[in-house]
Amino acid sequence: YCYTKISNTGPKQEIKHAWYYQDELITSVVYNIKTSYNYRSWSRKTILPHQIGKWRVDIVDSKNYILGSRNFQISSLNDLY
């Protein structure tokens with residue numbers, strides 16, 4: 001899951017959550033944000049068993065400016081023991 005809280009004091013804007021696996025765009029979820037001081041949204045990506053490795057979610061505006069980003073790693077349970 002990726003949770004986002006954004007303040008938008010201007011007109012409606014578009015943002016998206018862009019999900020990357022191994023630096024390749026897998027999917028993106030687009031949101032239209034109205035004027036709001038505390039707009040909250042979320043998206044999720046089901047990660048398949050073969051998608052072990054490096055992941056990233058970028059939160060970007062309509063001009064592809066990165067507003068925020070989170071990196072995370074998916075590991076196999078076998079790698080933990």
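Start by selecting Lys16 and looking across to S5, where its bridge partner is Val60. Keep in mind that you are looking at a predicted model. The two strands involved, S2 and S5, pair in the antiparallel sense over seven bridges.

Now colour the whole sheet around them. Four strands form an open sheet, antiparallel in its pairing, and the order to follow is S3-S2-S5-S6. Strand S3 (24–33) and S6 are the edges: each has a single partner strand, so one side of each is left without a neighbour in the sheet. Going from one strand to the next, the twist averages 15°.

**The aromatic rings**

Next, show the ring side chains. The model holds five aromatic pairs. Pick Trp19 and Phe72 to begin with: their ring centres are 6.4 Å apart and their planes stand at 80°, so this pair is edge-to-face. The angle is over 60, the cut-off for that class. Is Trp19 buried or exposed? At 2% relative accessibility, Trp19 counts as buried, while Phe72 is partly exposed, with a relative accessible area of 29%.

While you are here, select everything around Tyr21. Setting aside its neighbours within four places in sequence, Tyr21 is in contact with Ile26, plus the run His50, Gln51, Ile52, Gly53, Lys54 and Trp55.

One more ring deserves a click: Tyr20. Which residue lies over the face of Tyr20? That would be Arg56, at 4.1 Å from the ring centre.

**The nonpolar core**

Hide the rest and select Cys2, Ile6, Ile15, Trp19, Tyr21, Tyr31, Ile33, Trp55, Val57 and Ile59. These 10 residues make up the largest nonpolar core. Colour them by strand, and you'll find that strand S1 (2–8), S2, S3 and S5 each supply at least two of its residues.

Finish at S1. S1 runs antiparallel to strand S4 (residues 36–43), and six bridges join them.

Now zoom in on Ile6, which lies in strand S1 and stands opposite Tyr39 in S4. With a relative accessible area of 16%, Ile6 is buried; the cut-off here is under 20%. What does Ile6 touch, leaving aside its neighbours within four places in sequence? Its contacts are Ile15, Ile33, Ser36, Tyr37, Asn38 and Tyr39. For a last stop, draw a C-alpha to C-alpha distance from Ile6 to Asn38: it comes to 5.9 Å, although the two are 32 residues apart in sequence.

Technical notes:
Residues numbered from 1 in each chain as written. Predicted model: local features only at pLDDT ≥ 70, side-chain atom pairs only at ≥ 80, totals over all residues. Heavy atoms only, no water. Phe/Tyr/Trp six-rings, centres within 6.5 Å; stacked < 30°, edge-to-face > 60°. Buried < 20%, exposed > 50% of the residue type's maximum accessible area, 1.4 Å probe, protein only. Lys NZ or Arg CZ within 6 Å of the ring centre and 35° of its normal. Pairing = 2+ DSSP bridges. Axes fitted to C-alpha atoms, helices over the stretch in contact; angles between N-to-C directions. Core = buried A, V, L, I, M, F, W, Y, C linked by side-chain atoms within 4.5 Å. Contact = heavy atoms within 4.5 Å.
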